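Try each one before reading its solution.

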Number of protein chains: 2
Amino acid sequence: MTKDLRENRLKARIRDIADFYHHKGRMPSFSEIGGMAGIKSKNAVYKLVNKLEKLKVLARDERGRLIPGSIASSVKILGTVEAGFPGAAEEELSDTLSLDDLLVKNPQSTFMLKVSGYSMSEAGILPGDMVIVDKKQAPKSGDIVIAEVDSEWTIKYLDKKGDDVTLIPANPKFTPIKPKKELKIAGVVTAVIRKYR
Amino acid sequence: MTKDLRENRLKARIRDIADFYHHKGRMPSFSEIGGMAGIKSKNAVYKLVNKLEKLKVLARDERGRLIPGSIASSVKILGTVEAGFPGAAEEELSDTLSLDDLLVKNPQSTFMLKVSGYSMSEAGILPGDMVIVDKKQAPKSGDIVIAEVDSEWTIKYLDKKGDDVTLIPANPKFTPIKPKKELKIAGVVTAVIRKYR
DNA sequence: CTTGACAGTAAACGTTCGTTCACCTATAAT
DNA sequence: ATTATAGGTGAACGAACGTTTACTGTCAAG
């Protein structure tokens, strides 16, 4: 068996394990890996797993149980548009990340919200976009926040100058808001997501 | 023990299991759940797991092994800004989803790219934004695509009229591109992500 | 030609797993 | 007052798990 064939087979096996993990939400057992890879002996699987562990494709607990390594993450990160494009070297296994990990620091205090108005469209937040909001982060001046002003919820820039608080829309057609009595800030917008299909 | 206390304890246990899953990338075993929850008997854990299964917090394989249910997902989905805000009923366990699942259909053929120019800023795609690109999806007219025109990579709207193909920027300050010889389309932009902090 | 590394089969082993049984004790409902 | 029901202890059991040892064949390099 030639070298290329061996590498391709390894990649196919990694892909199988990754697919398994993404579809089922757990790592396959040794026998399941054996089944997918067409390996009858558990020892062969054992050696394969050790190799994949060195490749950081997967890892192990302090208890020795399999946990995902690089395959946990679903998206490969490539370069910049209009700054050259990684054409040949696409097939790297490395440099992947999970969007959940990237965008959500505190799952417990984070939620998602659909944007409906045009008041932030100049900041690239359009109606239909989803914003990811963290309730626990302390809002600072300049942040985009979800706020309740006079019993209505809006998304705006937060402008803080001492005790003077203003909510500023990105769209100049809308007017800045000075809360009359109370200003409740539901959370800080940590990310924006737009889905095309 | 009163009703409220029991519910709170259940919620705390669900949170513990969710945290375990998010930190380790796998579901805890029965004994590990027992350890976290302060339960000494495996039977008690067994009953707890069955209850959580009915609550769709977790699920089981066809092999009977634990897989995450609603806790797999990290973000709760709430309503719309400027359409009322779920104030009291926040603490729902339901209606959560994983951003990976939401944004990535085919992990194998999907990658991420950072945008650098202003050519799509009118479509809400600003420099610094990340676009999620699927190589396998067939590009249709109206899609935003990553394309190589005359050995340069760009992000543009795809306009197809029969054999007549044009790449149209969203920003009117940029001019549409008619590829002279070859047009390679690297993939279709399926989502845009902007991270604030 | 020989040697060493690699990939696999096969069998055996102790551990841990999830399940089940019997029993107990509070709370909530009748 | 009595009865269900929910939540828990403790022990036992077979099945599945990951690991280990011993052996085999197949290339590639010396």
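**Exercise 1: a buried aspartate**

Task: find which side chain the side chain of Asp129(A) makes a polar contact with.

Solution. The partner is the side chain of Arg194(A), at 2.6 Å; a polar contact is a pair of N or O atoms within 3.5 Å, where within protein one must be able to donate a hydrogen and the other to accept it, and residues adjacent in sequence count only if both atoms are side-chain atoms. This is a predicted model, where local features need pLDDT of at least 70, side-chain atom pairs count only at pLDDT 80 or more, and totals for chains, interfaces and linings use all residues. Residues are numbered from 1 along each chain, chains are lettered from A in the order written, and side-chain values use heavy atoms, without hydrogens and water.

Next, check burial: Asp129(A) has a relative accessible area of 1%, so Asp129(A) is buried (under 20%, 1.4 Å probe, protein chains only).

**Exercise 2: across the chains**

Task: which residues of chain B is Asp61(A) in contact with?

Solution. Beyond four places in sequence, the contacts of Asp61(A) (heavy atoms within 4.5 Å) include Lys24(B) and Arg26(B). Then look at side chains: those of Asp61(A) and Arg26(B) make a polar contact at 2.4 Å.

**Exercise 3: the axis**

Task: what rotation superposes chain A on chain B?

Solution. It's 180°, with 0.0 Å of shift along the axis and an RMSD of 0.2 Å, by least squares on C-alpha atoms of residues with pLDDT of at least 70 in both copies. That is the relation of a two-fold axis.

Terms used:
Buried means under 20% relative accessible area, exposed over 50%, partly exposed in between (1.4 Å probe, protein chains only).
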